[in-house]
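Work through the exercises below with the sequence and the structure in view. Try each task before reading its solution.

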Amino acid sequence: MYAGRTIFAQVMDVLPLRRFHTCVKRYRGNRKVRDFTCLDQFRVMAFAQLTYRESLRDIEACLRAMQPKLYHMGIRGPVSRNTLANANHQRDWRIYADFAQVLIGRARQLYADEDFGDELHQATLYALDASTIDLCLSLFPWAHSRQTKAAIKLHTLMDLRGSIPVFIHISEGKLHDVNVLDLLTVEAGAFYIMDRGYLDFERLFSIHQGQAFFITRPKSNLQYRRRYSHSVDKTTGLICDQTVVLTGFYPSQKYPEPLRRIRFNDPDTGKRLTFLTNHFGLPALTIARLYKARWRIELFFKWIKQHLRIKAFYGTSVNAVKTQIWIAISTYLLVAILKKELGLKQNLYTLLQVLSVSLFEKTPVLEAFSAADSTTAEDPFHNQLSLFD
């Protein structure tokens, strides 16, 4: 019988502790802390994410029932509802935001080998979108959205090679999506794939001047003049591939360079889609395929809302909400890294379900995952996103 460390402790071994302590020191997170350190806080909140705890009282009751095992889980300080609430409210959320960036860098290296075709072998592909989380106005008065509603937005830039979020900005619900383009550091040679909510020609021209590429959709009232039409194979669903210039008074001033306009009849949905891009070298069908890949970020939002605790919060302050979101993202990344490093074949949904019921078990983590027969069990979310298949 295996009498070693708990599965939770083995999962936490993925944490680069030196980098974590660097983030803590940067914001003096453990200043005047006796027992319940930032590492304890992270582990307790990660435990709450993995086991789907509903509240602080739920977390406290569960961990107190397993008090003899807490030391072996790496949790050294006493866990109480008030202690955890104060930690979430007072300790700087940027500790966990910075640490998430460390995990993002590690995950991107592990998932960098996903194939998007020979013509995109070296290209970096990003999808940009935002998701709104509705809140109660009386409990979250700082999260301004509408006059009678509160909400926050998760503005996310996702690396399509591995579905890894590389940039997340948490804002009030009233912030328009397009303003997040001002916060991005444009990476030369990268593709930024966005829907028409980000159509702002001045900001798109900034991406163009940064030697990066964008793919978006125009609005129906776009004013333009066709300069040249390229030949297309209409049997593939392509309707036209044009070089155009903008003719509207303000758009032509904000984006004075030519653009590429592609119309495509999607064979799956029967819809006619129009794309705008500043890349003239790729085949038109590849541009359409890249925009279709943007749907992964929509599925990512849907997935994390279903499987992580980011729709109901353990605290109501700005700091507590941002702390919970960043630790939830870090937990997601930890399991994704673990999957790749152990060479696991199960999807992420299956791994999270196994972890949710086995964290206190003293079993080799690889053995616990191997016991899950993912080939015969029917996934209840088979028609939704199955990340990292």
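**Exercise 1.** Does Lys 32 count as buried or exposed?

Solution. The model is a predicted one. Lys 32 is found in the loop between helix 2 and helix 3. The relative accessibility of Lys 32 is 73%. The cut-off for exposed is over 50%, so Lys 32 counts as exposed. The backbone of Lys 32 has a phi near 60 degrees, a positive value in a residue other than glycine.

**Exercise 2.** State which residues of helix 2 are buried, and how they are arranged around its axis.

Solution. Helix 2 spans residues 17-26, and its buried residues are Phe 20, Cys 23 and Val 24. Viewed down the axis of helix 2, these buried residues fall within an arc of 100 degrees, so they line one face of the helix. Residues three or four places apart in an α-helix point the same way, because there are 3.6 residues a turn. The buried residues of helix 2 pack against helix 3 (38-51) and helix 7 (94-110). Arg 18 and Lys 25, on the other side of helix 2, are exposed.

**Exercise 3.** Find how helix 6 and helix 12 are oriented to each other, and which residues meet.

Solution. Helix 6 (residues 81-90) packs against helix 12 (residues 318-342) at an angle of about 95 degrees. Angles of 65 to 115 degrees count as roughly perpendicular, and helix 6 and helix 12 are therefore roughly perpendicular to each other. Their axes are 6 Å apart. Asn 88, His 89 and Gln 90 of helix 6 meet Asn 319, Ala 320 and Thr 323 of helix 12. By class, this contact has one nonpolar, five polar and no charged residues.

Technical notes:
Residues numbered from 1 in each chain as written. Predicted model: local features only at pLDDT ≥ 70, side-chain atom pairs only at ≥ 80, totals over all residues. Heavy atoms only, no water. Buried < 20%, exposed > 50% of the residue type's maximum accessible area, 1.4 Å probe, protein only. Helix = DSSP H or I, 4+ residues; strand = E, 2+ residues; numbered from the N terminus. Arc of directions from axis to C-beta. Contact = heavy atoms within 4.5 Å. Axes fitted to C-alpha atoms, helices over the stretch in contact; angles between N-to-C directions. Parallel < 35°, antiparallel > 145°, perpendicular 65-115°, else oblique. Nonpolar A, V, L, I, M, F, W, Y, C, P; charged D, E, K, R; others polar.
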